[in-house]
Amino acid sequence: MKLTGAVYLDTLSILFPSKQDIAVRGRLGLNTDASFRISQLQIGKIGKTRVEGTITLDSLLVDIPRDTIFMMVGGGMIHFGSDRNRQDSLIGKDAEMLHTTVKADTLNLRMKRQWVLLGSAVSASAHSAASTLSGDTTVVHPLNGRVEARMLAMAAFDSTWIRLDGMQSNFSIVPSEKNPAVPLLQLGFDARAMQAKSAVNRYDLQNGHVDFRATLVPNRMDSARRRQLLDSLQQAYPSVARDSLFAYHRSRTQTRSRSRKDDFSGSDLDLSLDKSAAEMLRRWDASGSVKAASGRLLTPYFPLTNTLQNVDIAFTTDAVKLKNTQIQSGQSSLELTGEISNLRRVLLGRGQLKIKMNIESDTLNFNELIHAATVGAQYENASETYQRSVAEAENSEQLQQVIAEQSGVDDTTAASPLIVIPSNVDAQIDLCTHYGIYTNLRLNSLAAELIARDRCLQIKDLKAETDAGSMNLTALYATRSRDDIITGFDLELTRMKVDRLISLIPEVDSMLPMLRSFEGVVDCQIAATAAVDTMMNIDLSTLNAACSIHGENMVLLDGETFTEIAKMMHFKNKQRNLIDRISVNMLVRDNQIELFPFIIEMDRYKAAVSGVQKLDMSFNYHISVLKSPIPFRLGVNIFGTLDKFKFRLGRARYRSENIPSYVGLIDTTRVNLRHTITDIFHKGIEAASLSGMKITPAADSLTVNTDSEALSKADSLELQRQGILPGIDSSENGTDSTAVRQKPDTAVSETTPPTITPAETKTPGRKEQRALLRQQKRERKKAKTNN
């Protein structure tokens, strides 16, 4: 039987007007050829008929306002029929099969204000076993199909949409391998271009391929584990209905969690889905892969130009795996290989996001990345104008322009707020970069392991070669509350320029202000712990550190304290003095810096130095002159501040270069702190505190004794003769650094001892000189006898 005809919907709507304002337009054409028996005209037996037909669509429009359904097809056809299976192995040979093909030149379909489907040059075909219409729901009836389109786009009314250009796709519904009664959905498609938008983020892929598989999760209502858990909860909450136990228990747990103080809860990642999407995630297990030649990611939460190359991603509903996927973010290029897991619990609003990633980079601009992350973190508090512009951007290019112009990412002068480690992220990252920039350092190579967990960031075994020297770092940064932000680190710098060391670690200048007077390269080892305020500044009053600095062939510049010493000690060159060797060991604790004895060689002098310096910049140093033009050893005690200090001459406390060594103490302290930092997650985060990481030396540090033995009268006369010491009794009063330069008629403050000017000092005659020589000879003989 053949049937042909046409229906003009415009005329039909005029003849039979709709009472519900339903509008239909266009033309439908019908051409069918059928062979069947009357008894076969039932839904369950329709597969036994032989039907082939075509419905043509010409400018079809259907508008049902009451149900908010709208469809417009600008030319197309629907072909349908039944036959025996000859090719599809999933259906069964010679099984009755139904098939259909739909084509549309243009397509616009809107359903109930929930989603929109747009397309051009769309062609879709599908075939399945005729038993699909039997009504048997105990088995899965296979369905296979194919979709092609020049353009296909689907959008939801929550501003989420996806668009595919040059798309070719295959899909199927077959029984699951694990449970034949459960359907398995399979989808694979290639597209010349793929674009997606989620909230304010956009994703673009070029020449991409996607595979997707999904299956229904079996109903777990009767599982043994679930019943046991419900029984336990029922005993704990006997008055709660059984079907409400999980929700009640979850609400009580969250209430207890919120009762604990958490200043940074707003900094945790919020990836939770809405109720409908969460329910879909619970009901389906999905997996698949995404591959693409290139792509782009645009988001105001990380406002840089982010491009992708060689995209290779595999995913499930609980994990995402990346393989050698390349990302160019601003000036930084990264290659990512690793896994992001525990996604299901995170998307359902509970659980930690686990990240294990290997990052290899040709170029890494830490300054740009940290600034972009800081700016992106403030997006929720950005101006309404900026947020509206981001939401209304019509395409990726416009969104990129809005982000670049209004995000403020180019404003590098803004102060960086506190960096907070999210509590719901557990990350382990191996980082290797061949070139990088951090502050003003250029990194020629860098390798490190980063671990983030429980609001703590651990940096393990960071090794870097920089333009200023080599670096080795192990560090910890913890942000448990606004009043409990701490850092601890063990840092070793080799062949580092002094000025670059001070710019990299400004606190070194407070610990050793004399260091700014040197020019050259040093080796520095420092282990320190301290509290940090919310502006990322170290609280010096909590600083606890052990530090060792060693340098050779350094130049002493015009420093405050050493200028006075150079004048007093008659250096040959009072402007630039070569330091043969300097090695300083110190402890910082209890608001003071304790310098252990160290040797310094400069000009015609070799001296041993030790002392104490307060963090208010007051100090008390002792210098034992071991080698000098003076025929005896001399001690100099310097005390006060850099602006106003005094010195007192006396006997040298140290007699030779064989001074006590504290290198072992510093090394032991560094090793102990490094072990504490690396084991912090094994000990528990409670150990991430100043008390838990307190630097306790293995031995008592040096206690500086400012009382020194007075010079003999003969030694004083010798210093006077050489012009180093004015005519003054050094055993009674300290000499003020400013008073030495006073004119005879200048008044001296009460705190400054009276000074005898050189004009008042008589030059010793021959008799006095002979007496002086005899006195020195006796003292040397006496000292030799005592030794």
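**Strands, a loop and some rings**

Modeller: Nine bridges join strand β5 (residues 76-84) to β6, and the two run antiparallel. Strands here are DSSP E runs of at least two residues and helices are H or I runs of at least four, numbered from the N terminus; two strands pair if DSSP finds at least two bridges between them. This is a predicted model, where local features need pLDDT of at least 70, side-chain atom pairs count only at pLDDT 80 or more, and totals for chains, interfaces and linings use all residues. Residues are numbered from 1 along each chain as its sequence is written, and side-chain values use heavy atoms, with hydrogens and water left out.

Biologist: Which residue in β6 stands opposite Arg84?

Modeller: Arg84 falls in β5, residues 76-84. Its opposite number in β6 is Glu96.

Biologist: How many bridges join β6 to strand β7?

Modeller: The two form a hairpin with three residues between them, and Lys112 in the turn has a positive phi of about 45°. Val102 stands opposite Ala124 in β7. The strands run antiparallel, β7 covers residues 115-129, and the bridge count is 14.

Biologist: And β4, how many bridges does it share with β6?

Modeller: Met72 stands opposite Asn108 in β6. Strand β4 (residues 69-73) and β6 (residues 96-111) pair in the antiparallel sense, and the number of bridges is five.

Biologist: Is Thr317 buried or exposed?

Modeller: Thr317 sits in the loop between β13 (306-316) and β14 (319-329). The cut-offs are under 20% relative accessible area for buried, over 50% for exposed and partly exposed in between, with a 1.4 Å probe and protein chains only. At 14%, Thr317 is therefore buried.

Biologist: Which side chain makes a polar contact with the side chain of Thr317?

Modeller: Leaving out residues up to four places away in sequence, Thr317 touches Leu281, Trp284, Asp285, Ala286, Leu343 and Arg344, where contact means heavy atoms within 4.5 Å. A polar contact needs N or O atoms within 3.5 Å; within protein, one must be able to donate a hydrogen and the other to accept it, and residues adjacent in sequence count only if both atoms are side-chain atoms. At 2.9 Å, the partner is Arg344.

Biologist: What sort of aromatic pair do Phe619 and Tyr621 form?

Modeller: The whole structure holds five aromatic pairs. Rings of Phe, Tyr and Trp (its six-membered ring) pair if their centres lie within 6.5 Å, with planes under 30 degrees apart stacked, over 60 edge-to-face and the rest tilted. Phe619 and Tyr621 are 5.3 Å centre to centre with 20° between the planes, so the pair is stacked.
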